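Please look over the sequence and the model shown here. A short report follows.

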Amino acid sequence: MTEYWEVAEKFMGPFQYLTVPLSGAFFLVDWLPRPAQDAIWFNPLTHCFEMIRAGYFGEEIVTHYDIWYPALWIIPNLYMGLRWTQSARARIHL
């Protein structure tokens, strides 16, 4: 996207910094009240962090995640990213 639109290049950095606090990197989903859990459940990164915690800590902590939700986000985004990279190759100058 940044190869095609100048605005996207300026937007991506701040967007990534703003998504970190909402990704679940700094909190457990179990710590949140129920309405916040329902809202954060839509973020695929939260599922990834919860899976990592479940693998590391095991049953010591309560984790909430769905393996397929991030996969259903990753597969189409990977496809679009590979297609855009292929079409943007002519615009990239080393």
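## Surface patch and overall shape

Met1, Tyr4, Trp5, Tyr79, Met80 and Trp84 make a nonpolar surface patch of about 640 Å². Such a patch takes residues with over 30% relative accessible area and no salt bridge, joining nonpolar side chains (Val, Leu, Ile, Met, Phe, Trp, Tyr) within 5 Å and like charges within 9 Å. A salt bridge is a side-chain nitrogen of Lys or Arg within 4 Å of a carboxyl oxygen of Asp or Glu. Areas come from the Shrake-Rupley method with a 1.4 Å probe, and for residues only the protein chains shown count as cover.

This is a predicted model: local features need pLDDT of at least 70, side-chain atom pairs count only at pLDDT 80 or more, and totals for chains, interfaces and linings use all residues. Residues are numbered from 1 along each chain as its sequence is written, and side-chain values use heavy atoms, leaving out hydrogens and water.

Met80 belongs to helix 4 (residues 68-88). With a relative accessible area of 38%, Met80 is partly exposed (buried is under 20%, exposed over 50%, partly exposed in between).

The chain has four helices and zero strands (DSSP runs: H or I of at least four residues, E of at least two, numbered from the N terminus). Its radius of gyration is well over the value from the globule rule, so the chain is more spread out than a compact globule. That radius is taken over C-alpha atoms, and the rule is 2.2 Å times the number of residues to the power 0.38.

| Property of the chain | Value |
|---|---|
| Radius of gyration | 17 Å |

Of the 94 residues, 19% count as buried.

Note on methods:
Buried means under 20% relative accessible area, exposed over 50%, partly exposed in between (1.4 Å probe, protein chains only).
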